[in-house]
There are 2 protein chains.
Amino acid sequence: MIQIAVLGYGTVGSGVVEVINTNHELINKKIGEEIQVKYVLDLRDFPEDPIQEKIVHDFQVILQDPEVKIVVEVMGGTEPAYTFVKQALEQGKSVCTSNKELVAKHGVELLEIARQKNINFLFEASCGGGIPIIRPLNTSLTADEIEEITGILNGTTNYILSKMAADGSDLEVVLKEAQEKGYAERNPSADVDGWDACRKIAILSSIAFGHHVDYQDIYTEGIMKITSTDIRYAKAWGANIKLLASCRKVENQYYAMVTPVMINSNSPLYSVNEVYNGILVHGNVLGDTMFYGSGAGKLPTASAVVSDVIDAAKHQDTNVMSGWSSQKLELGKISDLENRFFVRMSGSFTENLSRVEEVFGQVDAKVLAEVNGEFGFITEKMKEAEYLEKAAEFNNILGMIRVRF
Amino acid sequence: MIQIAVLGYGTVGSGVVEVINTNHELINKKIGEEIQVKYVLDLRDFPEDPIQEKIVHDFQVILQDPEVKIVVEVMGGTEPAYTFVKQALEQGKSVCTSNKELVAKHGVELLEIARQKNINFLFEASCGGGIPIIRPLNTSLTADEIEEITGILNGTTNYILSKMAADGSDLEVVLKEAQEKGYAERNPSADVDGWDACRKIAILSSIAFGHHVDYQDIYTEGIMKITSTDIRYAKAWGANIKLLASCRKVENQYYAMVTPVMINSNSPLYSVNEVYNGILVHGNVLGDTMFYGSGAGKLPTASAVVSDVIDAAKHQDTNVMSGWSSQKLELGKISDLENRFFVRMSGSFTENLSRVEEVFGQVDAKVLAEVNGEFGFITEKMKEAEYLEKAAEFNNILGMIRVRF
């Protein structure tokens, strides 16, 4: 019998209990012994729910119970999650978490404690919800030097951008609708300003590149500036606008960023729509591989957490995660990174084109019949610093979106 | 120092040596000690290649060398691969293979020998080339009851169908071009008749469902009957025709088949084009997840083989693959499986429609301006036996393709 404790009976926590109940026999078979939820920690009581008999309000009950071998942390936030998780690991209990803030901020330290204690700190559900990505990076994509990892890692923003593309609606309208449907929080900043994706790409690139990527070092832009007109232009180029979280190696320098990017159907991420997530990994011998699925949601996320619980149960005295070095990965400046740039400019196309070509060189320009008083163009590849310098020569630029095609 | 031997210096074998050379330091770091290719078994000599000093022509040299801990089998075919692999495992050497015929036919037995010897028989590269799928099924998707696994598992046929859809060309033309480009064999039967995909889905569903799926039990149709007219109809429905290899559970019965299927953009497999492969897994709590990448090719396949070598090197005294029971999974009859059916019928739409609706019930019919003397329709969902019975009432059916949307 493996006894576990679940910290937090919110969406994911109740999902974990549900998955363990639904697939109890199958999970027991995979582990080789029976699994049982002994405690659920929550400040609240759930008098109508059979879980009530397992509810405890004091973490010490769990910490001091030697029967509890695995602690599932699904509270979110860094405190008290960090204190509880650290104490559990130091007590020799493996921890499985879905908490991206915790892993992005304290992952190095917690992985190291787990390594010293020969137990496990696992966090498959922290990135990409139900999509298997952490374990494949750790155990499958091992023969390659990873050169790039780029993902659509936030379901809320992907839903908003997909909906804007499908309906031609404005962002504010779609965001409001997403909030009503429960796809977006009442305070949507963590999603729409890119912070959620930023923490996730910090975790994924730390694993992929073996050094600590500090999420605070990652250049992050959200989607709030994207308009229905931007999306019209994207369509005219056969492209979509996606919030991409990316870390790539270019000439021995790593660059990380979270920004809206125009991609076309040459990228497998182009077809990742609605609330789905997709994570593209490029290896030096493997080439491109992509992992696709539900990036959030109660049961998919719980499925990933429980797969970690099974892994922890099967490896009670073996540390299985390679983790990453505490030595920080020094990221290059975004200004040195080369991209193409989509630019919207007010004024007449014919009057501005020669000046545009004088400054930017050859561009691919389009005028849309349904958009008045402006035109759009995509530059050739150049460093972002060079783009900014050139852009400063104009006072009629309405907006810029990076382009990868 | 971990010494390995590579059986076969063909495309994949030379790729394995190249990957180990290219990423030598990184691989050594992952394993924790240095890896070295001690022998390469091949009937040929390679006097111009530095590999020549490692070439042996007699498998006994490898078998009897106690320094060789891991054998990489990339010869293909069942003999002598089966004899060599079995002997190596019995001698206590782990084996990593890319050989789908071997795994589909002898996987159960070879996995069992590895289990008894506490070593490993690994075959990530046997399905989906470089795409991580075997290990994720074994170690990541563990919290779910897998209800379906459906893949585009053959790059050659996917290239042909993608090219037909892009250019409107006939199959014979595209096949010839694919043969010239080296994407298709001179004798293309294993690919175009579905046998390659059949073996791969047998392996994947054996792992996913835990019981031996005999590839000889799987209903298999190839793509040779697909015409450019079929593809025109598919496009009119916003669909693509893909060769899907599938095993799914419907009401406690498993059904496996390899057939061309019309899918639309609601399926993530819709955008898997050219030589790429995609594998969709549906779990009862996870929902859909898809793995995408290069399903063939020297380096991607070699990358997967080497990831197995790293796994085997890290687990020299631990058997890591769950494998599957030798008890055969009894597959349901395809005639009991429900699908929608796309039917092409010769004659006039107006003259035939009432008879079609009388027999098939409500259908979704289309007449294409550019196709004369026929029309197409898609039936509602029905069992295949029911479809066949109804179809027998007509003598003017030109073709049928299963539909999943």
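In which sense do strand β15 and strand β18 of chain B pair, and over how many bridges? β15 (residues 338-346) and β18 (residues 382-383) of chain B pair in the antiparallel sense, over two bridges. This is a predicted model, in which local features need pLDDT of at least 70, side-chain atom pairs count only at pLDDT 80 or more, and totals for chains, interfaces and linings use all residues. Residues are numbered from 1 along each chain as its sequence is written, while chains are lettered from A and ligands numbered from 1 in the order in which they are written.

**Confidence**
- The predictor assigns the complex an ipTM of 0.95 and a pTM of 0.96.
- Chain A has an average pLDDT (the predictor's confidence in each residue, from 0 to 100) of 97, and 100% of its residues score at least 70.

- Strands are DSSP runs of E with at least two residues, numbered from the N terminus, and two of them pair if DSSP finds at least two bridges between them.
- β19(B) (residues 397-403) runs antiparallel to β15(B) and is joined to it by six bridges; here B:Arg344 faces B:Gly399.
- Five bridges link β15(B) with β17(B) (residues 374-379), again in the antiparallel sense, and B:Met345 stands opposite B:Phe375.

**Helix α10(B)**
- Helices are DSSP runs of H or I with at least four residues.
- Of its 15 residues, 14 are buried (20 or more other C-beta atoms within 10 Å of the residue's own, with C-beta atoms placed from the backbone).
- B:Gly210 follows α10(B) and has a positive phi, near 80 degrees.

Definitions and conventions. A residue is buried if 20 or more other C-beta atoms lie within 10 Å of its own, exposed if 12 or fewer, and partly exposed in between; C-beta atoms are placed from the backbone.
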